[in-house]
Every structure is written in structure tokens, then in C-alpha cells.
Amino acid sequence: MTLHAHPAPTPIGPVDREAEEGLSFLGLANLLLRHRRLVGALALLGLVLLPAITLFLPRTYTSASVFMPQTRSAASSLSGLAAQLGFTLPSTESGQNPSFYADLLESNSILGSVVDSRFEYRTAEGPVQGTLVDIYRSKGENQARRRDAAIRRLRGDVSATTAQKTGVVELEVTAEHPDLARQINHRLIGLVNEFNLRTRQSQAANEREFTERRLGEVRQELRTTEDRLQSFLQRNRDYSNSPALTFQVERLQREVSMRQEVFTTLAQAFEQAKIEEVRDTPVITVVESPELPVRPDSRWLVVKALLGLLLGFMIGAAIAVWKAYTVNSERLGTGEAAEFARLRRQAMGDLSRPWRSMARALGLARHAER
């Protein structure tokens, strides 16, 4: 009797992870094909529903404008003189940064003034007038909360961007009526101009007060120096023959000339500050005025349809996976369903106690370094 050697049985060990992943992806594809009607129905529902919701929403209109802040001289004569005297005047150049105006347009002070302003325009149903709290029909327990809700909505409808190369500010305002968008844009530009104008006038007032006070001091110093020179000349009518007296006269004359130059500079700065204090000319240049938008904004229906299709597909796939997990968890006590349940419990435990998972992760990282 001949004995034949049989090959040793292959030991059962851990399944290759790549094979498991391949089977998992294949199983997921089979699962989606098995529930293709559900997945397809939800994908088509998203394809139709999201654009349909967009169509029922009111159309919006965007009014655009471009303005550029006017700049002043980098260093005035008053600033240079104040630096020589040990004083520091507030600089106006920081406010000329276009990014400052972009942030200013979205600040609560400017948007609150726009919300409190009254607007009036005509629609197909008739004339509409009132503040943005009334036009937006803001909801809230009291007037303060309704006003805050209107400010937050207006902030979402206002977009201000800057062009660093040209130094201009581009302002866009979106509203449900074209005339309302144009009026809000125009009001925003007016408020920015008023803010900048008040700031410049306030700085000019501070400069006027400083120069007026300093002008009085220098006038008295100049008078004292001139009196000293006059008294010296009266006592020494013939000083040309004395080198010491000649040197003293020249020194007094130089001091008088210096005081006169300071006095003249301060007098010019004082007059300029008085002019700036009452000047009401615009301090921003409107490159493109806000115009009435003739076309509504794009609704992006194609993009939203594709987004709805993808969202519906993902929801359908999630429902299919959940249904399969529910069925398998009832039939199987071990295998992938049991492992999934165990991993899910561990994940929920990590979420409820994140510090423990972080401690374990740090411990593993230190052990790997060793």
C-alpha cells in the first residue's frame, strides 16, 4: 500500500488588509446596486428639489461701486515743526489704507446708521418705504433685537474688497429690489465720506488748538528777543568798532530771525488748520457711482442641481449602508457587523472622553519614538 503525502493545510491567520479593503469596496458597490432604486430616487430628488427651492426664492440684485480715498501730504509743515519742538501730532495716513475702508464698511457703526436710514422705492405692488428693519421684516422680542437682526442680514449683503495695486475699494450691495440695492450702496458711500470728513475736521481742530497755543508762546518769545535786540542797539549805537559787541549783535539777530521763522510757520499752519476745520468737501473720490442693476443675479441652477444630485446620492448611500448594517447586526453576532458595533462604541467613548483618547495617542507616540 502506497502512502501519498498530502500538503499541509494552510494555517488560518489574519486576513490581508488589502484584500479586506478590496472586498469592502466591492461589497459597497454591490450594496449600492442592490439599493439602486432608493439611491437613484434620492439623487433625482436632490437634482430637482434644490433648484426648485432656489426658483421659489426671490431674485436678488447687486449694485456695485468703486471709490478711492484721497491722500494728504506725507508730512505737513506743522508736523515737522511739532517734531522739532518735541510734540507728536496724530497722523492721518493710517486712515488712507484701502483695507481700513473695507473694514469700516462692515462695521456696526456704519451698518447701524444704514439700518436706521429710511429708504423709498416702488415695486409692482406699490411704493415701499421705511427703515431696513421694516423692509427686512426683522424678527425679535424688542426693537433692539430686530435692529441687530437687520444689521446681521445687511452685513451678509455687503461685500467690500480692496485692490492693493490701484488703492481703490470695490463695494457691492445685494438686495431683493434693484433700487434698494443702489440706494443702500449710495448711503454707504455717503456715511464713509461723513466719517472720514468728521475725522479730518476733528484732527484739524486739534491742530488748530495746538498751533494757537504755541503761536501765542512764540509771539511772546519773539517780542522778548526783539526787545533785547532793541535795548542793546540803544545802548551801543556804535558797535561796529568792537568785535565783542558785533558778535553779540549778530547772535541777537540770529535769535530774532529764528523766532521769526518759527512764528511764520506756526501762523501758516494755524490758518491752514482753521480752513481744514470747516472744510466740507468730499474726502473720497467715487470712481464708479452705484447704478441701478438691470439684470438679476445668477441663481447658479446648474451648480445647485449637481450639488443636489451629489447630496441625494450620499444620503441614499448612507441609508442603504445603515439598512444593511441593521439587518446584519440582527443575524450575525460576529464578523464585520460585530466589529463595526464594537468600533462604533469605542468611537462614541472617545468622543465623550476626548482627553483619554489624546492621552493614549500621546502615549503611543512616545512609545514609537523609543
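Contact between residues means heavy atoms within 4.5 Å. The structure is a predicted model, in which local features need pLDDT of at least 70 and side-chain atom pairs count only at pLDDT 80 or more, whereas totals for chains, interfaces and linings use all residues. Residues are numbered from 1 along each chain as its sequence is written, and side-chain values use heavy atoms, with hydrogens and water left out.

The protein chain contains 12 helices and six strands; helices (H or I, at least four residues) and strands (E, at least two) are DSSP runs, numbered from the N terminus. Of its 370 residues, 30% count as buried, where buried means under 20% relative accessible area, exposed over 50% and partly exposed in between (1.4 Å probe, protein chains only). Among contacts in the protein chain with a separation of 6 or more, 73% are accounted for by residues 24 or more positions apart.

Helix H5 (residues 108-116) packs with helix H7 (residues 143-157) at an angle of about 110°, and their axes are 9 Å apart. Such axes are lines fitted to C-alpha atoms, for helices over the stretch in contact, and angles run from 0 to 180 degrees between N-to-C directions. H5 is therefore roughly perpendicular to H7; angles under 35 degrees count as roughly parallel, over 145 as roughly antiparallel, 65 to 115 as roughly perpendicular and the rest as oblique. The crossing of H5 past H7 is right-handed, a term applied if the near helix is turned clockwise from the far one by less than a right angle, with left-handed used if it is turned anticlockwise. On the H5 side, the residues that meet H7 are Asn108, Leu111, Gly112, Ser113, Val114, Val115 and Asp116, and their counterparts in H7 are Arg147, Ala150, Ile151, Leu154 and Arg155. The contact of H5 with H7 comprises six nonpolar, three polar and three charged residues. In this classification Ala, Val, Leu, Ile, Met, Phe, Trp, Tyr, Cys and Pro count as nonpolar, Asp, Glu, Lys and Arg as charged, and the others, Gly among them, as polar.

Four strands form an open sheet in the order E4-E5-E1-E6, with antiparallel pairing; two strands pair if DSSP finds at least two bridges between them. Because E4 and E6 stand at the edges, each with a single partner strand, one side of each is left without a neighbour in the sheet. Neighbouring strands of this sheet are turned against each other by 25° on average, direction ignored. H7 packs on the sheet and touches E4 and E5, its direction making about 40° with that of E4. Strand E4 (residues 158-163) and strand E5 (residues 168-175) are paired in the antiparallel sense over six bridges. Within this pair, Val158 stands opposite Val173 in E5, and Ser159 stands opposite Glu172 in E5. The two strands form a hairpin with four residues between them, and Gly167 in the turn has a positive phi of about 75°.

A further antiparallel pair is formed by strand E2 (residues 118-123) and strand E3 (residues 126-131), over six bridges. Arg118 has Thr131 in E3 as its bridge partner, and a hairpin of two residues joins E2 to E3. Gln183, in helix H8 (residues 178-235), is in contact with Phe119, Glu120 and Tyr121, leaving aside its neighbours within four places in sequence. With a relative accessible area of 17%, Gln183 is buried.

Individual positions elsewhere were also examined. Phe263 is located in helix H9 (residues 243-278) and counts as partly exposed at 23% relative accessibility. Not counting residues up to four places away in sequence, Phe263 touches Leu215, Val218, Arg219 and Leu222. The C-alpha atoms of Phe263 and Leu222 are separated by 7.8 Å, although these residues are 41 residues apart along the chain. Ser298 is found in the loop between strand E6 (284-288) and helix H10 (301-331) and, at 52% relative accessibility, counts as exposed. Its C-alpha atom is separated by 9.1 Å from that of Tyr61, 237 residues apart along the chain. Arg137, in the loop between helix H6 (132-136) and H7, is exposed, with a relative accessible area of 71%. Phi of Arg137 is near 55°, a positive value in a residue other than glycine.
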